[in-house]
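Please read them with the coordinates open.

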Amino acid sequence: MGGILPSKKLFSRSTLHCLIAIALLLSVIGYMLGTNRSVYRMPDISTLRRDASFELVKQRNTTISRSAQTCTRIPVDAGLPFIYAVTPTYTRPIQKAEFVRLKLAFLNVDNFHWIVVEDSSNKTALVTKFLNVSGLKYTHLNVKTQEAAQVKDKEHRTAHPRGVDQRNAAIDWLLNNSVKPGVIYFADDDNTYSPELFKEMRFTHRVSVWPVGLVGGLRFESPLVSPTTGKVTGWHAEYNKKRAFAMDMAGFAINLEVFRNHTGARFDISKLGETEGSLLTALNVTLDDLEPKADNCTKVYVWHTRSEKPVWNYEKELIKNGRPSDPDIEV
């Protein structure tokens, strides 16, 4: 019968393996002859891994600046809007542990700029060192809370709005510096963040909103969304539920351009229990402006987890007896 004969395998698998081995041996001999070396030493596995890691970093075009003030990371996508996450913070035993949790979430987010503002007259060594090795693009600021708003010894921690001066300082910095287009998100350090949250907020036109878990004495607080119009109509909240914007600080993001159109808008430190609404009102935001995210506010991507305050009964005894745990070990 005419036609093309069926193809046959030229080599068996074992023969092919032998040919590959011979080719590698010839390459090694050629290397030795070409470089006049009497001995050729194969690189160990750790060297290969190191070189591979170096090449991976070069391919991702990632550079880190070791400045105490700012770390610069080249964005993965120059056309992607930035997320400016503002975190007010203060010195306490669990601070570093909180920061580790945040860093692990933030490292997964492209085009991300972390603005950390300490409630302190000076930048602390712990936060400075942590940010320097975080691998994140960041700005490190500090401002002491005005005396009238500081919690006194016998006052409850909720006696005054917290983090207001620090958030306002971050807004000042963003408006006074040349930054890329994006959204501002107030990411407190006592929350837990899912990577999906940042995907939801990135393309905010004006103000985007979503539910927050474990807050306000409920399983979650959330905007109420009309199934027909897709617009926010009210709030699922019990704490101070007559607020114009009855939601947690973690429940919204604002396009930076909105601030540029209302340069004087800031949080009002006198509005206890209505801090979030004081800013949105100053920005002339209405319910109709709100953009429901997280599948029309039916999914939770952020939780107000609040780490437990450590119990240091034994440590207090050691301190009392002049034998505290090594103070040079950073916790």
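1. Over the face of which residue does R167 lie, and at what distance from the ring centre? The residue is F267, and R167 is placed 5.9 Å from the centre of its ring. Another arginine to check is R92, whose charged end sits over the ring of Y90 at 4.3 Å from the centre. Please keep in mind that this is a predicted model.

2. Overall make-up. The protein has 331 residues, of which 39% are buried. Its secondary structure amounts to 10 helices and 13 strands. Among contacts with a separation of 6 or more, 72% are between residues 24 or more positions apart.

3. Aromatic pairs. The count of aromatic pairs is 15. One of them joins F106 and Y193, with 5.9 Å between centres and 45 degrees between planes, which makes the pair tilted. Because F106 belongs to helix α3 and Y193 to strand β6 (residues 192–193), this pair ties together parts of the protein 87 residues apart in sequence. Both F106 and Y193 are buried. Y193 also pairs with Y185, this time edge-to-face, at 6.0 Å centre to centre and 85 degrees between the planes.

4. Burial of the two tyrosines. Y185 has a relative accessibility of 0% and therefore counts as buried. For Y193 the relative accessible area is 6%, and since buried means under 20%, this residue is buried too.

5. The loop residue N191. N191 is located in the loop between β5 (182–186) and β6. With a relative accessible area of 2%, N191 is buried. Beyond its neighbours within four places in sequence, N191 contacts R101, L102, A250, V302, W303, H304 and T305. For W303, which is 112 residues away along the chain, the C-alpha atom is 5.6 Å from that of N191.

6. N111 is found in the loop between α3 and β3, whereas L214 is in strand β8 (residues 212–215). At 4% relative accessibility N111 is buried, while L214, at 47%, is partly exposed.

7. Second largest pocket. How much space lies in this pocket? The volume is about 460 Å³. The lining has 18 residues, and those closest to the centre of the pocket are P93, W312, I329, E330 and V331. Helices α3 and α10 (313–320) each contribute at least two lining residues. By type, the lining divides into nine nonpolar, four polar and five charged residues.

Definitions and conventions
Residues numbered from 1 in each chain as written. Predicted model: local features only at pLDDT ≥ 70, side-chain atom pairs only at ≥ 80, totals over all residues. Heavy atoms only, no water. Phe/Tyr/Trp six-rings, centres within 6.5 Å; stacked < 30°, edge-to-face > 60°. Helix = DSSP H or I, 4+ residues; strand = E, 2+ residues; numbered from the N terminus. Buried < 20%, exposed > 50% of the residue type's maximum accessible area, 1.4 Å probe, protein only. Lys NZ or Arg CZ within 6 Å of the ring centre and 35° of its normal. 1 Å grid on protein atoms, 1.4 Å probe; cavity = no way out; pocket = protein on both sides within 12 Å on 5 of 7 lines; lining within 4 Å. Points joined across faces, edges and corners; volume = space filled by probe spheres on them. Nonpolar A, V, L, I, M, F, W, Y, C, P; charged D, E, K, R; others polar. Contact = heavy atoms within 4.5 Å.
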